[in-house]
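Biologist: I would like to learn how to read aromatic rings in a structure. Please show me the model and then start with the terms.

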Amino acid sequence: MNILTVDGITKAYGERKLFDKASFFLQEGEKAGIIGVNGTGKSTLLKMIAGLEEPDEGSIVRASHMVISFLPQHPVFADDDTVLEAVLEKNGVRDGREGESEAKAMMTKLGITDFSEKCRYLSGGQKKRLALIKVLLSPSDILVLDEPTNHLDGKMADWLEDTLKRRRGSVVMVTHDRYFLDSVATRIAEIDQGHIYSYETNYSGFLELKMQREEMELASERKRQSILRTELEWVRRGARARSTKQKARLERYEELKNRKAPVEEQQVELSSVASRMGRTTIALSHIAKVYGDRVLIKDFSYIFLKNDRVGFVGKNGCGKTTLMKIISGQCAPDDGTVETGSTIKIGYYVQECELPGENRVIDYIREAAEIVEMPEGKITAARLLEKFLFSGEDQYGLINRLSGGEKRRLLLCRVLMEAPNVLILDEPTNDLDIATLSILESYLDTFPGIVLAVSHDRYFLDRTMRRIFAFEEEGKIRQYEGGYSDYLLRKSVEEEQKGSGAPGCPKDRTDNREQKAAKSDKRQTPRKPRLSYKEMKEYETIEEDIAALETEIGELETEISKNASDFIKLQELGNRKEKLETELEEKMDRWMYLEELAAK
């Protein structure tokens with residue numbers, strides 16, 4: 001049953017048309033993810049669905065008695081309200097202690113523990129989490145969520161995933177968290193060139209179906225061009241429209257000629273560019289930082305290597321951004337030293353930045369540089385902006401007319417225009433569209449410098465980082481090799497090992513046996529577990545084996561893309577890929593075992 005129908009809507013702001021007779025529907029219980037390049041109208045669509053804006057043409061029909069709750073991108077609260085009052089006031093939450101208890105439980109889950117704190121003292125991220133709680137507590141049939149995962153750490157995002165999957169009502173959301181979309185969404189609606197393409201699947205399924213759609217459109221275009229060439233030859237022979245048949249043929253030619261070809265999706269194009277880096281990079285020695293009675297960083301040392309890819313994770317407010325400011329020289333440590341090489345040039349993509357709204361887009365980029373040297377040659381500020389999807393007209397517009405995501409894209413362009421050799425990315429995935437994120441990830445693959453990233457985006461960390469530093473209790477920062485999933489796996493293994501030492505568990509009996517064995521032979525020296533010769537040889541090559549498997553899987557994915565219309569070949573390639581993925585999973589498990597053994 002359709003509970004929401006977007007029927008043939010058109011919406012424009014000045015000369016900029018966001019939607020052109022676009023349609024979309026939502027069924028009862030569906031979880032729909034809205035995706036598209038920044039500036040295509042995702043937030044505008046959510047506002048129209050929520051009834052906060054109206055389309056210029058067309059209609060949005062909601063089933064009778066439907067109650068909609070809306071999470072805006074930038075929520076606002078009364079300064080003098082406490083966080084608890086802000087959540088409960090005019091919210092329709094169950095009266096009494098039960099509703100208040102539920103609100104407090106949710107706030108605690110999302111890191112808001114002082115229920116009497118005034119809203120004026122909250123950060124932008126805290127306000128977003130508070131607004132999310134308010135929306136989740138509101139009795140509603142449809143949740144409309146604009147960037148719900150922004151400012152959520154990994155555990156919070158997992159909690160929200162479970163909450164939305166268990167929810168019986170429908171959800172319409174804009175998010176760029178690909179793991180989140182894959183887990184929660186049952187429908188993907190893509191905004192592209194003013195139209196809405198709807199797919200009844202999750203994000204992985206959408207990628208496959210979109211590829212099929214684009215290939216069908218290209219095949220239709222090839223057929224149109226072939227027919228058009230034939231008809232053009234007939235017209236050039238001077239055929240006259242003497243008969244009804246000839247008139248129909250001329251009309252068909254005109255119709256084919258005027259039919260629009262499929263427009264290729266615009267994507268951000270980036271070439272890796274960086275200044276030369278000398279031998280000395282950045283060395284942190286026994287860094288410490290305390291705010292009041294809170295220890296953010298305690299005795300942290302690390303020397304960044306050339307081409308390092310390092311991700312920093314931890315709870316909100318734990319000190320990740322503070323450490324980035326220390327590394328970049330914007331903040332001094334209480335103790336310890338930061339040694340920065342003379343050739344180091346840092347590009348800092350900040351989490352929250354007020355852009356000069358009255359400046360023109362192109363003037364803002366020209367402040368960084370007029371020309372930058374790229375692999376393909378020198379490139380002007382205007383040309384670089386075109387690569388970032390800012391057309392000539394957009395370049396001379398004011399910054400305050402841009403959407404939130406476009407401003408983030410502009411800031412990224414500005415940072416890269418300065419040709420840094422060290423990139424510090426503080427929450428780069430907030431507000432950037434998936435297409436831009438994909439290209440940024442490819443850019444980082446070939447970037448000839450050091451990349452440091454603070455992020456809660458699990459996909460981004462897995463895709464780009466090779467080492468994770470996790471902020472743990474009392475300012476301790478611990479190093480983990482691999483991406484975010486490797487870090488989680490290592491943590492889960494450690495928690496299992498800790499749990500196995502609980503009273504009354506089998507480990508107690510093992511310990512007793514070990515004590516008896518030690519007493520029976522006091523001369524025997526306890527031996528640490530060690531790698532056998534065979535295991536040592538395997539340990540030396542297993543990472544290469546894993547890399548080879550990943551490469552082969554990547555090549556297979558390319559082959560699958562090329563053979564999308566050949567179902568027999570697709571099945572063969574799919575079976576091969578499934579076998580390799582199973583083998584890769586087994587290798588990863590084996591690597592974890594050997595890594596644990598080597599660490600001991």
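Modeller: Buried means under 20% relative accessible area, exposed means over 50%, and partly exposed lies in between, with a 1.4 Å probe and protein chains only. Tyrosine 199 is buried, at a relative accessible area of 7%. This is a predicted model, where local features need pLDDT of at least 70, side-chain atom pairs count only at pLDDT 80 or more, and totals for chains, interfaces and linings use all residues. Residues are numbered from 1 along each chain as its sequence is written, and side-chain values use heavy atoms, with hydrogens and water left out.

Biologist: How many aromatic pairs does a search of the whole structure find?

Modeller: Rings of Phe, Tyr and Trp (its six-membered ring) pair if their centres lie within 6.5 Å; planes under 30 degrees apart count as stacked, over 60 as edge-to-face and the rest as tilted. The search finds 10 aromatic pairs. The ring centres of tyrosine 199 and phenylalanine 206 are 5.2 Å apart with planes at 75°, so this pair is edge-to-face. Phenylalanine 206 is buried, with a relative accessible area of 3%.

Biologist: Which residues do ring pairs link into a cluster?

Modeller: The cluster consists of Phe300, Tyr302, Phe304, Phe312 and Phe469. Phenylalanine 300 is buried at 4% relative accessible area, and phenylalanine 469 is buried at 2%.

Biologist: Where does the charged end of arginine 409 sit?

Modeller: A charge sits over a ring if NZ of Lys or CZ of Arg is within 6 Å of the ring centre and within 35 degrees of the ring normal. The charged end of arginine 409 is over the ring of phenylalanine 390, 5.4 Å from its centre. Arginine 414 lies over the face of tyrosine 364, 4.6 Å from the ring centre.
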